[in-house]
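Dear colleague,

Please find the structure below, followed by some notes on what was found in it.

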Amino acid sequence: MIWKLIQKDIRRRIKQPAGYLILVAMPLLFALLIGLVFGPKESGESLIRVKMLIEDRDDSFASHFIANAFGNEELQNMFDVSVADSGAGRPLMDQGRASALLIIPQGFGDSLIHQNNVALTLIKNPSEAFAPKIAEETIQILAEGGDRLVSMAEGPLTTIRRRLDSDTEISEPEIALMGIQLYRMIRKVDNILFPPLITINTSTSDDSEEGSDLSSLYAYILCGVLVMALLFSLEVLSRDFFLEQENHTLTRQRVATGIARFVLAKMGFVYLSGLISFVLVWMIAIPLFGISLSLIQVGRMALFSLVLMAGLNGVITMIYALAKNRNQGQSIAPAVILGFSMLGGAMVPLENFPPFIRQISVVSPVYWGIDALRKITLADASLRDISTHIAILTAVAVLLLIPSIIFQQRKFRS
Amino acid sequence: MLQITDLTKRFKDLTAVDRISFQVNPGEIFGFLGPNGAGKTTTINCICGLLKPDSGAITIDGQDVVAGGDQVRKMLGVVPQEVALYEEFNAIENLQFWGGLYGLKRSQLKSRVDTLLELTGLKDRAKDAVSTYSGGMKRRLNMAAGMIHQPKLLLLDEPTVGIDPQARHQMLDTVRHVAGQGTTILYTTHYMDEAETLCDRIAIIDHGRILAMGIQTEIQQIVGENRLLKVTGAFEKSTAESLPQKMKDLVLLSIQENEVLYSLPIKQTTGAFLEILMKSGFEIDHLAIKEPSLDSVFIKLTGRELRD
């Protein structure tokens, strides 16, 4: 009897599949868009390009070194550098023509040779979010590297300083010797000047590995948005409790089967539909995003999805069990879903939140769902590794579904 | 078949059904007649288990409805007042689903679906989605869905509300056909003519209480052999009130600004009544004569017309 009721609801959905397909497509589109925006492109170029303006007021070897650093192969992929005349940088920034303006002050080179303190000025464009931040961090790295280079090159710099102070010329053998010394030092600080963010790309520039990084990024994003989309999907399906009442088909079902079977069947339908969505999303996502999963991982995912869906179903069914009518349910549910999703790291990685939010995120069932999915897909976690996740989601399901069944029966009986 | 004893159902301070008792015999069409809000649907909902009675007993074929479970459910068919169908399904899919809920096997189901589509005249549109049907067609399918499992007792809750006369006529024929095959029917309506032409026995209900019950002729005896005379036009209120003094057995039932209602035994001629009217200075726009009917019974019992 319950299976007949579930079959009926599935057939109704198949008759009008548009809404259902949108719900399945939603997480895929989200993952695709987020991946395209934040992921590396096939050519290795970043989608975010930083327009960097350098105002060189010093025009020395040292200032040229900073400006030329942006001509480095790795930084070229991210930076569009243009050099402005002295005093011309600020007006161009005010016109919004650059993400950041770096001012190299007059006497910058001399200060380095004499090992005096010197400051670079970076002016960031307030209308841009990411690019100025990237510029700031890159300049900071270069400054730290330069600082290290200056302290390591104390010997050659002392020679240069003495010669400059005594106005005597440096002989060619001395220049050659200093050249060798400086070359060795630069090799030593190479890793600091071109830090991991930049050098990782060069060291793993193999095509297949790039693809794998991108796939991992998609898988990471998909795990988050999928759990959120599933909650939204379950919410839409749960409206059927009230829709059947509004369409009077509940009356006839109650006469034929009693209220308990109706409630159980509706929950079963919502649960089963969630599982179908889950499977469909992964079936499309795996080939679409090139996500590589072993059969064992797929099996773990399948088993975990049973628990995940029960937990999520519990959350949504409880909302609708407490709602007096469909409008109330439709108003409350999205707020709860978004709250749990944000807290669970569905849209923004939890690492980006303040520590206290990370601590309270464990109250969100979404957190346990996303974390376990990511562990299975990205870290090949076993079921034992995610046993806490399974236990918590099972507890959520039991604690929410049982009272929901009672509340729903009571509500529709009256 | 159906036995109701002292059934009471309250909603907070409102007593919707107040200690009503009646029985419906096998194969009978029992009419439950009353205005909106009289307690008809509440009674139906108690019978089919949608509402739990506050007191009283309901048995179908000797089995208690409240404790009966699936066995009682299978004996019962309901045609609710509102159309209760899946609009995205076609007629066949709807009937198959509802029949499936009562445990009908595939072959049984096919035969029942064919029979009912033929009976309700929906065979030609059987594969079209219900959302494309007219109101009358939906009503007919709604009725078919309630009869798919051949229930022993069929509860029809105002099944003809809001449909055109032709569709209504067709539905009443269907009810007669089903009753002719031995199904017991409890038919609620607020249409007098439906109760008069369709039902073997009638109960008149108002404010949750049964006012009268019996076969049509028994009920009509409540008002005796009187016809109703409704006069519309211009008249003095005092003149209208004094008219019964001028004609023997004439009874004033109600009076409004331009309308006055009398009852007059059928042995008295309406010609004599018309003559008195003219002499009394009535300016008659319209005179309606109603022969003894359930209408007059209802007026006699409640002091108002059924449509009030």
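The model is a predicted one, in which local features need pLDDT of at least 70 and side-chain atom pairs count only at pLDDT 80 or more, while totals for chains, interfaces and linings use all residues. Residues are numbered from 1 along each chain as its sequence is written, chains are lettered from A and ligands numbered from 1 in the order in which they are written, and side-chain values use heavy atoms, with hydrogens and water left out.

β13(B) runs antiparallel to β11(B) (residues 226–234), to which seven bridges join it, and B:Lys230 stands opposite B:Leu261. Four bridges join β13(B) to β12(B) (residues 251–255), also antiparallel, and a hairpin through three residues connects β12(B) to β13(B); pairing requires at least two DSSP bridges.

Turning to the interface, 22 residues of chain A are in contact with 24 residues of chain B, contact meaning heavy atoms within 4.5 Å. There are two salt bridges between the chains, each a side-chain nitrogen of Lys or Arg within 4 Å of a carboxyl oxygen of Asp or Glu, and one that joins B:Glu93 to A:Lys15 has an N to O distance of 2.8 Å.

Best regards

How values were computed. Helices (H or I, at least four residues) and strands (E, at least two) are DSSP runs, numbered from the N terminus.
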